[in-house]
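Please read it beside the sequence and the coordinates.

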Amino acid sequence: MTRVPELAERHLPDPGWPVAKPFWDGCRAGELRIPRCERCARWVWYPAPACPGCGGERHAWTATSGRARLFTWVTVHRAFLPGYRVPYVTALVELVEDPRVRLATYLRDVPASGLRAGMSVEVVFESVTEHLTLPAFRCVR
Amino acid sequence: MELARRIAVVGVGETRYERRSSRDLAALRREAACAALADAGLEAAAVDGLIVPGAGYGELHELARDLGIRGQFHAASCFHSGTAVVAAPLEAALAIEAGLAHTVLCCQGVAWGSERRGNVGQPHAEMRMKAAFEIPFGWYPQVVHFAGMARRHMELYGTTEAQLGAVAVACRRHAALHDNAILREEPLDLEGYLASPYLAEPFRAPDCCLVNDGAGAFVMTSLERARDGRARPVVVLGAGSGVIPDGEYSSLREDYLATGAVHSAPRAFGMAGLSPADVDFVALYDNFTGLVIQQLEDMGFCRRGEGGPFVEGGRIELGGALPVNPSGGQLAQAFVFSTNHVVEAVCQLRGEAGQRQIASAEVGVVTGYTGAQHATLVLGSG
C-alpha cells in the first residue's frame, strides 16, 4: 500500500456515508468490493436500492479480483478544483468480472509508449488518511 | 393529437451576450422576453403560457410580474436546461392544441460569467455518487466527462484532434460574422487550434463552450394566429425528446457515446415527415466540440464513427454541405442552453441572418442536451 500525501488536500469522499461505507472499508482492507445481487448475482454499480437486472433488493458487498481494462482516460492539465496537482491521468476502467462495472480512478505507471483502450490495469490501494484509502489502477506490463 | 405544423415561432429576442454583465439574471431574462414580444408585435398581456427553464417558483412569478402578465397563464417545463429550451415548442404545441394556452413564451438566461466565477461544475458536485466515486478521482468537472467521451471516440474510430478542431474553427468563423458573438474578434484557424495548450486532453480551450451572461427568448402561437403576426412565422415541423435510461452518470452508460438524440431525432423527423437529407442547416448543442460529432452520428447525418471525417474540410462551415451552428454557437457566440440556436434558426428561416444567411434555407434543426436528456426541433420557413 502506497501513501500519497498530496491527495489529502483534494475533495475526498466521506468514508462513513452508509451507502458507500463498505466500499471504503474494503479499500482499507486491501479489497475492491462491489455490491452483488443475492438473487441474480449481477454486480450493482453504483450502489442502488434495487438490482438493475432483477429488481432484487438484497446486495452483498463482494470482493473482486481488482483486475480491469482501460475504457477511456483524460490527462488533466489544469486544476479545476483546489488541491488537484496537475497533470494527472483520470480514467474509467471496466472490471474483468463485468464490464458494466466502470470505475472512475487515477491511472498510475502510465507507460512511455502511451495508453490504449483495452489495456490491462490492476488496482493499487493508496492510503490518504487513517480513515480513507482510495483505489487507483496501474498499467500492467 | 397531431402536433406537426400546428404552431409557429413568431418572435425571437436576445440580450447582448457578454463575458460579464452588470445586470442580474432577472433583468437579462426580462430584456430578452420583451425583445421577443416586440419582434412578434405582441403585448405581454397576450402571453398565457410560460416556459422558463431553470427558474424556481419565485423567479417564474417575478418574471411574469416584471413583464406585466396580469392574466392566468399555463406554466410548463419538465426537462432541464438545454433540453427544456429545445423541447419548449413540443410542450407549447401540446398546451396550445389542448386549449390550455394560446401564446407561449420561452425564456432562458444565464449569469454564470458574473455569478459562478467559472465553477459551473457545482450541480455535478452535489450529486452524491459523483461526490463519492468520481470527483475524488479527478473525474470532474464537465470538461473531463466530455473529454473522456472524445478519447473513447478517438480510440474506437480513429477520430483526430484536427477533426475536433474543425468544429471549433467552424464555430469561430461563423461568430466572426455575428455582431452579437462574444468571440467575433478572436479568429481561430486549425493551426492556432492545435497550438493552443490542453486543458483536459484531448480538449483545449477552443473545444469548450463559453461561460458568460445573457438571455434569449422566443414566442410561439398557433399557425392560424401566427399568420396575423408582425414577423414571418417559422413553423414547428416536428419536435421530439429522448432520454438515456442509464441516467445522469455518463461514466456508467451502457452505450457510452450515445446521446438522447438517438431517440429524439427519429421522433422529431418522424413527426415532420422529413429525414436528415432534407435539412439545410443544424444548430447543435455544443458544450464541447466532441458532442457535436456525437450528435451528427446519433441523428443520422452520418453513421457511428464517421463524424470525424464528416466535419472536415469546411463541410460544416457556411457554404459547406451542412452548415453547423451558423451563429457561432455556444463555442463562439454565447452559452445560453441552446436558446441562441433557436433564435439563429428562426433568423435563418426568415432570411434575416445577414452575412451568415444560408441561401434558400427552408429546413433547420436545433438540438438541446442535458446529460440524460435530449431534444430535437425541426423548424421550417413555412
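Axes are lines fitted to C-alpha atoms, for helices over the stretch in contact, and angles run from 0 to 180 degrees between N-to-C directions. Two residues are in contact if their C-beta atoms, placed from the backbone, lie within 7 Å. Helices (H or I, at least four residues) and strands (E, at least two) are DSSP runs, numbered from the N terminus. The model is predicted: local features need pLDDT of at least 70 and side-chain atom pairs count only at pLDDT 80 or more, while totals for chains, interfaces and linings use all residues. Residues are numbered from 1 along each chain as its sequence is written, and chains are lettered from A and ligands numbered from 1 in the order in which they are written.

**Overall form of chain B**
- Chain B contains 15 helices and 11 strands, and its C-alpha atoms fill a box of roughly 55 × 45 × 40 Å along the principal axes.
- The radius of gyration, taken over C-alpha atoms, is judged against a globule rule of 2.2 Å times the number of residues to the power 0.38. For 382 residues a compact globule would have a value near 21 Å, and the 19 Å of chain B agrees with this.
- Of the 382 residues, 59% count as buried, a class that requires 20 or more other C-beta atoms within 10 Å of the residue's own, against 12 or fewer for exposed and a count in between for partly exposed, with C-beta atoms placed from the backbone.
- Among contacts in chain B with a separation of 6 or more, 77% come from residues 24 or more positions apart.

**The sheet of chain B**
- An open sheet of 9 strands runs in the order S3-S2-S4-S7-S1-S8-S11-S10-S9 with mixed pairing, where two strands pair if DSSP finds at least two bridges between them.
- S3 (74-75) and S9 (281-283) of chain B each have a single partner strand, so one side of each edge strand lacks a neighbour in the sheet.
- S8(B) (234-243) and S11(B) (373-380) pair in the antiparallel sense over 8 bridges; B:Gly242 has B:His374 of S11(B) as its bridge partner.
- H11(B) lies across S8, S10 and S11 of chain B, at about 150° to S8(B).

**The buried helix H12(B)**
- H12(B), residues 289-298, is mostly covered, with 10 of its 10 residues buried.
- Its buried residues pack against H7, H8, H11, H13, H14 and S10 of chain B.
- H8(B) and H12(B) pack at an angle of about 100° with their axes 8 Å apart. This makes H8(B) roughly perpendicular to H12(B), a term for angles of 65 to 115 degrees.
- B:Leu164, B:Val167 and B:Ala168 of H8(B) meet B:Thr289, B:Gly290, B:Val292 and B:Ile293 of H12(B).
- Just after H12(B), B:Gly300 takes a positive phi of about 95°.

**The interface of chains A and B**
- In this interface, 27 residues of chain A are in contact with 28 residues of chain B.
- S4 (67-76), S5 (88-95) and S6 (98-108) of chain A are the elements that give two or more residues to the side touching chain B.
- S4(A) is joined by 2 bridges to S5(B), residues 198-201, and the two run antiparallel; A:Thr75 has B:Glu201 as its bridge partner.

Methods
Angles under 35 degrees count as roughly parallel, over 145 as roughly antiparallel, 65 to 115 as roughly perpendicular and the rest as oblique.
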